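Work each one through with the structure open before reading its solution.

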Amino acid sequence: MVTKQMRDLPDNADLRRADSLAREIFSDVANKWALLIIEALGERTLRFSELRDEVEGVSHKMLTQNLRMLERNGLVDRKVHPTVPPKVEYTLTEPGRALRATVDAICGWTHRYLGHIEEARGRFGT
């Protein structure tokens, strides 16, 4: 279990502690938009409008908020080109690419168990 492995970690790395940095980071990246943005960027560099097209259903506001959060946490690099109008591109950093492996695993798990989950929801009545 993950929490048992954390006994020797500093307080800011303990997900069980409400005031830990680890929990804050976990909360930041474990939301659907952040996961979808990381997945969409993959190994590519994309402009804001390209990202918005890739992540169907995300609003301008949510995409902006999540990109800022990912940049703040060092997972996405934002590059502004001095053109008129400004050209802004987003790329995953090395830690962002490392997180992408986990995101890919979550996507794979979703595809693998989608039928099972649909059946369970049907039995549950939702």
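Contact here means heavy atoms within 4.5 Å, and buried means under 20% relative accessible area, with exposed over 50% and partly exposed in between (1.4 Å probe, protein chains only). Helices (H or I, at least four residues) and strands (E, at least two) are DSSP runs, numbered from the N terminus. The model is predicted, so that local features need pLDDT of at least 70 and side-chain atom pairs count only at pLDDT 80 or more, while totals for chains, interfaces and linings use all residues. Residues are numbered from 1 along each chain as its sequence is written, and side-chain values use heavy atoms, with hydrogens and water left out.

**Exercise 1.** Determine which residues of H5 are buried and what covers them.

*Solution.* Begin with the buried residues of H5, which are Leu-63, Thr-64, Asn-66, Leu-67, Met-69 and Leu-70. Next, look for what lies over them: the cover includes helix H2 (21-29), H3, helix H4 (48-54), E2 and E3. Finally, follow the chain beyond H5 to Gly-74, whose phi is positive, near 75°.

**Exercise 2.** Describe how H3 crosses H5 and classify the residues of their contact.

*Solution.* First take the axes (lines fitted to C-alpha atoms, for helices over the stretch in contact, with angles from 0 to 180 degrees between N-to-C directions); those of H3 and H5 come within 10 Å and cross at roughly 75°. H3 is therefore roughly perpendicular to H5, given that 65 to 115 degrees counts as roughly perpendicular, under 35 as roughly parallel, over 145 as roughly antiparallel and the rest as oblique. Then list the contact, to which H3 gives Trp-33, Ala-34, Ile-37 and Ile-38, and H5 gives Met-62, Leu-63, Asn-66, Leu-67, Met-69 and Leu-70. These residues divide into nine nonpolar, one polar and no charged, where Ala, Val, Leu, Ile, Met, Phe, Trp, Tyr, Cys and Pro count as nonpolar, Asp, Glu, Lys and Arg as charged, and the others, Gly among them, as polar.
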